[in-house]
Amino acid sequence: MWQEPKTDWQETDFFNIEDYNRIKGNLNEIRRQALLLWPDFDFDEMGADKTYQDYGFYADEINCFEANVEHICVGIFPFVVGERQTFYDNQPFIDWKELNRIEEACRLIYSNIKSRIEGRKTLAFPLGGGDFY
């Protein structure tokens, strides 16, 4: 289910499991909605939601977010979402600017997909039930 992205990250904000699960869930929802209109495309599995018992965050998990934003753009439309970053273990973690970029990309892509779904032309009456002369 879609959750409103946080697009006002500040340098003093902390990244927690709710943020991780929101971004992961939003990427999954974007893919689910996109598959209603476009053929299947590459998408990396992001695993189960995190809980407070899980130990921290890993570079490969954040890199998966980065990869999936790119996969979505390649699979449906080349949205301008900024430059993909790569993170490494024991190196600086994702910062607030990158979190803003990813969450804003999710917001942009999702709103575009939803407007396309809601803007599809439909017939005002059902077909296949009556006689036509």
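The following questions and answers concern a predicted model and the reasons for some of the terms applied to it.

User: What makes Gln-33 count as buried?
Analyst: The relative accessible area of Gln-33 is 6%. Buried means under 20%, so Gln-33 is called buried.

User: Where is Gln-33 placed?
Analyst: Gln-33 is in helix α1, which covers residues 17-34.

User: Why is the pair formed by the side chains of Gln-33 and Glu-29 called a polar contact?
Analyst: The two side chains are 2.9 Å apart at this contact. A polar contact needs a pair of N or O atoms within 3.5 Å, one able to donate a hydrogen and the other to accept it, so the pair at 2.9 Å is within the cut-off.

User: Which residues does Gln-33 touch, leaving out those up to four places away in sequence?
Analyst: Gln-33 touches Tyr-110, Ile-113, Lys-114 and Ile-117. Touching here means heavy atoms within 4.5 Å. Gln-33 and Tyr-110 are 77 residues apart in sequence, yet their C-alpha atoms are 8.1 Å apart in space.

User: How many helices and strands does the protein have?
Analyst: The protein has three helices and zero strands, and its elements run α-α-α from the N terminus.

User: Why is the protein called more spread out than a compact globule?
Analyst: Its radius of gyration is 18 Å. The globule rule gives 14 Å for 133 residues, and 18 Å is well over that, so the protein is more spread out than a compact globule. Along its principal axes, the C-alpha trace spans about 75 × 30 × 25 Å.

Definitions and conventions
Residues are numbered from 1 along each chain as its sequence is written. This is a predicted model: local features need pLDDT of at least 70, side-chain atom pairs count only at pLDDT 80 or more; totals for chains, interfaces and linings use all residues. Side-chain values use heavy atoms; hydrogens and water are left out. Helices (H or I, at least four residues) and strands (E, at least two) are DSSP runs, numbered from the N terminus. Buried means under 20% relative accessible area, exposed over 50%, partly exposed in between (1.4 Å probe, protein chains only). The radius of gyration is taken over C-alpha atoms; the globule rule is 2.2 Å times the number of residues to the power 0.38.
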